Amino acid sequence: MRWVMRVGAWSAAGVPLALLPEPFPWATPAACGVIAVALVAGRRYPLITALVVLAVSAADWRLLPAVMILFWQAGLRAPAPGPGDRRAPAVAAGFALAVVAGVRIVVSQGAGPYTWLLWIVVVVVCGVAPMLAGGYQRLRGELEQSGWDRADRLERERHLVSARARAAERARIAREMHDSLGHELSLIALHAGALELAADLDPRQRAAASEVRAGVSTAAERLAEIVGLLWAEDPERRVEDLIVRAADAGVAVTLSIEDEPGDYEAAYVVVREALTNAAKHAPGAPVEVLLRRDSVVVRNAPPPARTAPASGAGSGLAGLRERVGGLRAGPAPDGGFEVVAHLSGHAGPPGRPGPTEAGEPPRGNPATALRHRTGRGRTLAVGAPAALVLAVVGTLMALYAYDSGTSRLAPAQFRALPLGAARVDLAGLLPARQVPERRERAGPAGTDCEYYRSSAGPVPRPFDVYRLCFRDGSLVAKDVLPPE
């Protein structure tokens, strides 16, 4: 399905090359070559390729649909940088270079200021907006995936709660059997032993009493075996196995046990979630696990290299607070990350509360950060292009107002100009600038004509052009050229 959409998009991008006229000879083959190179280079260098094709499109505006596709794909591969991102200056510099290169190309073709200001609008609409839209679409996909990850994590936790309930029920049955049946069987064996030693029993009765005592002893042993099975821990839920599996996966993890945890099940879950987060968000960093009677400490060093933030729900550590006495998860003094869980309701040591204490959401929670990034991406995708377009449009309106105001000849002044008047006498009445519109309509033969507009303002609208023709320095004709 993705290939069908890509083929359709690039086919649509090639329509202008087939329908619109060439701006210069061999423009269509050159544009096809640019698109072919962009398809290959865009996979490895999406943003650089899009910026280069954007600058080239100033010479052939038929490439703009392909430019929009390239920037959209660049946003999909890497979300647009937001405030505080280290990539933001580099991306801004790239767009600035593309704007400068495009303006030079437009100016070299003899275009005026309105054309290169329009080029800036094109950069915003065909470059910035598609890239931000692609980045926002990627963030939405990551947020959706994080939701599925969170649902999967909650499902695993639900199974864990069920397993704990079954284990608690097995332990209760074991205690009941040990306390009731074990006690009764011990009494029966004691009575049988006393009966076996009675002096007034004949050999047959003494043998029967001995068999009863042996049978009760055997039943007590079988009961002990059954109680042991009910009380035994699941061999797959041991912290040592977690450490071994993490080490086999390439994590440099060490385990220290000062004492057996009071709540072994909670300790297991804490270590599992902390190791998972360390492997995702600090790959390659060494991890230390410390087990105490009343607490579990999992600390990882800073990652050896800067890595992109991993996607995921990030709600595992936050959900542990409900099952342990207290949880602190936050940055460690050395720049790494530390998780401290207090077991069996023991209060943690006094000190600065962590991000997950006092009911606050964890500041380093990847799910919260991803939601914030998605919100910023939506704001940037809509607000940044709109603000840039408004700024350029405002500049265009101001320039047009200045241009039209300095080339306007008021209708009353035009009517008051007398034929035969000398040009030097009219110098103080005529505007300082002329307009380029309708100058192809030449005046009488042997005359030099000047052209002025009849209206001014920030918004373009149809206007009459006043033509004044001079011969030998005298006004010989004045005409009104209406708009076509």
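What follows is a chat about the cores, surface, loops and salt bridges of a predicted model.

Visitor: Before we start, what kind of model is this, and how are residues numbered?

Guide: This is a predicted model, in which local features need pLDDT of at least 70 and side-chain atom pairs count only at pLDDT 80 or more, while totals for chains, interfaces and linings use all residues. Residues are numbered from 1 along each chain as its sequence is written, and side-chain values use heavy atoms, with hydrogens and water left out.

Visitor: Okay, which residues touch the most other members in the largest nonpolar core?

Guide: Trp10, Leu54, Phe71, Phe95 and Trp119 do, in a core of 31 residues. A nonpolar core is a set of buried Ala, Val, Leu, Ile, Met, Phe, Trp, Tyr and Cys residues joined through side-chain atoms within 4.5 Å, and buried means under 20% relative accessible area, with exposed over 50% and partly exposed in between (1.4 Å probe, protein chains only).

Visitor: Which elements give two or more residues to this core?

Guide: They are helices H1 (2-13), H3 (27-41), H4, H5 (64-77), H6 (87-108) and H7 (113-196), and H7 gives the most, with seven residues. Helices (H or I, at least four residues) and strands (E, at least two) are DSSP runs, numbered from the N terminus.

Visitor: What does Leu54 touch?

Guide: Leaving out residues up to four places away in sequence, Leu54 touches Val67, Phe71, Phe95, Ala98, Trp119 and Val123, where contact means heavy atoms within 4.5 Å. There is also a second, separate core of 27 residues, which includes Tyr268, Val324, Leu327 and Ala329.

Visitor: Switching to H10, how many of its residues are buried?

Guide: In H10, 14 of the 18 residues are buried, so the helix is mostly covered. The end C-alpha atoms of H10 (residues 264-281) are 26 Å apart, which agrees with the 26 Å that its 18 residues should span at 1.5 Å a residue; the expected span is 1.5 Å times one less than the number of residues.

Visitor: And Trp26, is that one buried or exposed?

Guide: Trp26 is exposed, with a relative accessible area of 67%, and this residue lies in the loop between helix H2 (15-19) and H3. Although Trp26 is not a glycine, its phi is positive, at about 65°.

Visitor: Where is Asp472, then?

Guide: Asp472 is in the loop between strand E7 (465-471) and strand E8 (474-481). Asp472 has a positive phi near 55° without being a glycine, and counts as exposed at 79% relative accessibility.

Visitor: How many salt bridges are there?

Guide: The count comes to ten salt bridges, each being a side-chain nitrogen of Lys or Arg within 4 Å of a carboxyl oxygen of Asp or Glu. In one of them, Arg62 meets Asp60 at 3.0 Å, N to O; Arg62 is buried, with a relative accessible area of 4%, and Asp60 counts as buried at 4%.

Visitor: Which parts does the Asp403 and Arg433 pair tie together?

Guide: Asp403 lies in helix H12 (residues 366-405) and Arg433 in the loop between helix H13 (411-416) and strand E6 (448-453), so the pair ties together parts that are 30 residues apart in sequence. The closest N and O atoms of this salt bridge are 2.2 Å apart; Asp403 counts as buried at 16% relative accessibility, whereas Arg433 counts as partly exposed at 33%.

Visitor: Which residues are linked in a network of salt bridges?

Guide: Glu288, Arg299, Arg328 and Glu338 are linked in that way.
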